[in-house]
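Q: Hi! Could you walk me through this model? I'll ask as we go.

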Amino acid sequence: MLKLFTFLLSFFLISPLSFASPCSTNLEGNTMMQYSSNSIKVDSSCSVFTIKFKNTSTVAKEYGGHNVIVSRDADFSSLTSLVDPTVHSPENGYLPNSDKIIAKSPIIGPNESYNVEIDVSRLNSGEKYVFWCSFTGHWGVMKGNLVVK
Ligand SMILES: [Cu+2]
């Protein structure tokens with residue numbers, strides 16, 4: 001609950017500034033199961049970094065929606081092994097809640113958007129981070145590096 005409150009608070013504090021802010025980037029996921037970028041740079045001076053994610057695919061959400069999960073690269077395999085659409089909701093990325101998830105969006109469908117807010121205090125510059133789609137079968141190709149500079 002506190003996390004949710006913090007998230008909402010940071011959203012409202014950041015959103016008026018985010019249009020011209022360097023503390024954000026745009027990212028799209030398309031019909032070909034590709035992200036528009038395979039690398040995202042996060043400025044460590046940002047307190048919150050926003051990935052403005054848009055699904056430009058035409059594939060219905062339940063057959064091939066997209067999302068964005070941010071985690072350490074070292075946690076990628078253990079997290080993907082937890083993906084289970086029969087147990088967990090698309091709103092939760094088909095994943096259980098986990099401290100290993102640094103930021104996430106729900107699975108979204110065609111023309112939907114979601115701002116993924118990363119608490120930059122959770123990132124360390126020497127650590128490898130990744131962003132990936134937790135729709136089953138997607139993360140083999142929908143995966144990129146997130147670099148803290
Ligand atoms: Cu996807």
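Q: First up, is Y94 buried or exposed?
A: Y94 is buried, because 21 other C-beta atoms lie within 10 Å. The cut-offs are 20 or more other C-beta atoms within 10 Å of its own for buried, 12 or fewer for exposed, and partly exposed in between, with C-beta atoms placed from the backbone. By the way, this is a predicted model, where local features need pLDDT of at least 70, side-chain atom pairs count only at pLDDT 80 or more, and totals for chains, interfaces and linings use all residues. Residues are numbered from 1 along each chain as its sequence is written.

Q: Where does Y94 lie?
A: Y94 is in the loop between helix 3 (76-80) and strand 5. Helices (H or I, at least four residues) and strands (E, at least two) are DSSP runs, numbered from the N terminus.

Q: And what does Y94 touch?
A: Leaving out residues up to four places away in sequence, Y94 touches V83, D84, P85, H88, I107 and S134. A contact here is two C-beta atoms, placed from the backbone, within 7 Å. Y94 and V83 are 11 residues apart in sequence, with their C-alpha atoms 5.4 Å apart.

Q: Switching to the sheet, what is the strand order?
A: The order is 2-8-7-4-5, in an open sheet of five strands with mixed pairing. Strand 2 (39-42) and strand 5 (101-104) are at the edges with a single partner strand each, so one side of each has no neighbour in the sheet. Two strands pair if DSSP finds at least two bridges between them.

Q: Which strands does strand 7 pair with?
A: Strand 7 (residues 129-132) runs antiparallel to strand 8 (residues 143-148), joined by four bridges. Strand 4 (residues 69-72) also pairs with strand 7 in the antiparallel sense, over four bridges. In strand 8, L146 stands opposite Y129 and N145 stands opposite V130, while V70 stands opposite F131.

Q: Last one: what is the mean pLDDT?
A: The protein chain has a mean pLDDT of 91, and 86% of its residues reach 70 or more; pLDDT is the predictor's confidence in each residue, from 0 to 100. Over residues 16-20 the pLDDT is below 50, and that stretch has two contacts in the model beyond near neighbours in sequence. Where pLDDT is low, the predicted coordinates should not be read in detail.
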